Amino acid sequence: MHFSFWHWAIVLLLIGVPVFFAVRSAIKPSQNPAGLVGFGGWLMLLAIGQALSPLRTLVALASSSDGYRQLMTLPNGTLAVYGEVALLLAFVVFQVIVFIAMLRRSYRFKQLFLYQSFAIPIVFLLNTVWISAVLGIPVSQVLTGNALVAPVISFALTGIWVAYVYKSVRVRNTFTKEGASGQVASAS
């Protein structure tokens with residue numbers, strides 16, 4: 001399937017409209033910036049997405065099981081499958097670590113979230129190179145069809161959220177060096 005003008009227009013609309021409103025709301029000064037703390041507004045959407053990201057990766061892994069069974073019949077296919085599964089499980093563990101940092105309101109969350117966004121294309125590239133090298137086939141055969149579409153869209157959307165994380169007053173007020181325990185102490 002080839003992406004036509006209308007497909008890209010729809011993708012741009014689905015990405016562009018939320019980005020427009022996110023940027024517009026980030027530019028508007030808040031009446032009480034100190035009151036913007038905790039999981040609310042756009043940060044709640046990010047938290048939901050972060051909670052679902054390890055599950056989404058596991059679902060993608062599970063939906064590949066038929067392909068893995070076919071791949072295992074090839075010479076070195078078992079090694080290719082085990083390598084890909086190990087890489088994706090390591091990525092899931094990292095996504096869970098980022099989510100835990102978010103729940104704990106750790107000041108490290110922002111940096112970990114940035115690293116997670118860079119991990120998306122890195123995991124994709126490592127996986128592609130791994131499959132190509134282990135099976136001895138050219139990368140062009142590994143990247144058939146629309147193999148690049150999902151990672152590119154995922155990386156672009158995550159990049160938008162990274163910009164939000166580094167610009168948002170709510171994020172700055174929520175993820176502090178003190179963490180949640182310091183916030184509870186200062187509230188009493």
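User: In which helix does glutamine 95 lie?

Analyst: Glutamine 95 lies in helix α4. The model is a predicted one, and every value discussed here is computed from it.

User: Why does glutamine 95 count as buried?

Analyst: A residue is called buried when its relative accessible area is under 20%. Glutamine 95 has a relative accessibility of 4%, so it counts as buried.

User: Which residues does glutamine 95 touch, not counting residues up to four places away in sequence?

Analyst: Glutamine 95 touches Gln50, Ser53, Pro54, Thr57 and Gln116. Contact here requires heavy atoms within 4.5 Å.

User: How do you know that the span of α4 agrees with the one it should have?

Analyst: The 27 residues of α4 should span 39 Å at 1.5 Å a residue. The end C-alpha atoms of α4 are 39 Å apart, and therefore the two values agree.

User: Which residues of α4 are buried, and against what do they pack?

Analyst: The buried residues of α4 include Gly77, Leu88, Phe91, Gln95 and Met102. The buried residues of this helix pack against α2, α3 and α5.

User: What makes α4 roughly antiparallel to α5?

Analyst: The two helices pack at an angle of about 180°, and their axes are 10 Å apart. Angles over 145 degrees count as roughly antiparallel, so α4 is described as roughly antiparallel to α5. By class, the contact of α4 with α5 has 22 nonpolar, five polar and one charged residues.

User: What is particular about the phi of arginine 105?

Analyst: Phi of arginine 105 is near 60°, a positive value in a residue other than glycine. Most residues other than glycine have a negative phi. Arginine 105 follows α4 and is found in the loop between α4 and α5.

User: Why is asparagine 76 called partly exposed?

Analyst: The relative accessible area of asparagine 76 is 48%. Exposed residues need a value over 50% and buried ones a value under 20%, so asparagine 76 is partly exposed.

User: Why is serine 106 called buried?

Analyst: Serine 106 has a relative accessible area of 16%. That value is under 20%, so serine 106 is buried. Serine 106 lies in the loop between α4 (77–103) and α5. Leaving aside its neighbours within four places in sequence, serine 106 is in contact with Ala101, Phe175 and Thr176.

User: Why does proline 151 count as buried?

Analyst: Proline 151 has a relative accessibility of 17%. The value is under 20%, and proline 151 therefore counts as buried. Proline 151 is found in helix α7 (residues 149–167).

User: What is proline 151 in contact with, leaving aside its neighbours within four places in sequence?

Analyst: Proline 151 is in contact with Ile120 and Phe124. The C-alpha atoms of proline 151 and proline 121 are separated by 6.7 Å, while the two residues are 30 residues apart along the chain.

User: How do you know that the buried residues of α7 are on the same side of the helix?

Analyst: The buried residues of α7 are Pro151, Thr158, Val162, Tyr164 and Val165. They cover an arc of only 160° around the axis, which puts them on the same side of α7. On the other side of α7, Val152 and Lys167 are exposed.

User: What covers the buried residues of α7?

Analyst: Their cover includes α2 (41–63), α5 (109–135) and α8 (169–174).

User: How many helices and strands are there in the chain, and what share of its residues count as buried?

Analyst: The chain has nine helices and zero strands. Of its 188 residues, 31% count as buried.

Note on methods. Residues are numbered from 1 along each chain as its sequence is written. This is a predicted model: local features need pLDDT of at least 70, side-chain atom pairs count only at pLDDT 80 or more; totals for chains, interfaces and linings use all residues. Side-chain values use heavy atoms; hydrogens and water are left out. Helices (H or I, at least four residues) and strands (E, at least two) are DSSP runs, numbered from the N terminus. Buried means under 20% relative accessible area, exposed over 50%, partly exposed in between (1.4 Å probe, protein chains only). The arc is that of the directions from the helix axis to the C-beta atoms. Axes are lines fitted to C-alpha atoms, for helices over the stretch in contact, and angles run from 0 to 180 degrees between N-to-C directions. Angles under 35 degrees count as roughly parallel, over 145 as roughly antiparallel, 65 to 115 as roughly perpendicular and the rest as oblique. Ala, Val, Leu, Ile, Met, Phe, Trp, Tyr, Cys and Pro count as nonpolar, Asp, Glu, Lys and Arg as charged, and the others, Gly among them, as polar. The expected span of a helix is 1.5 Å times one less than its number of residues.
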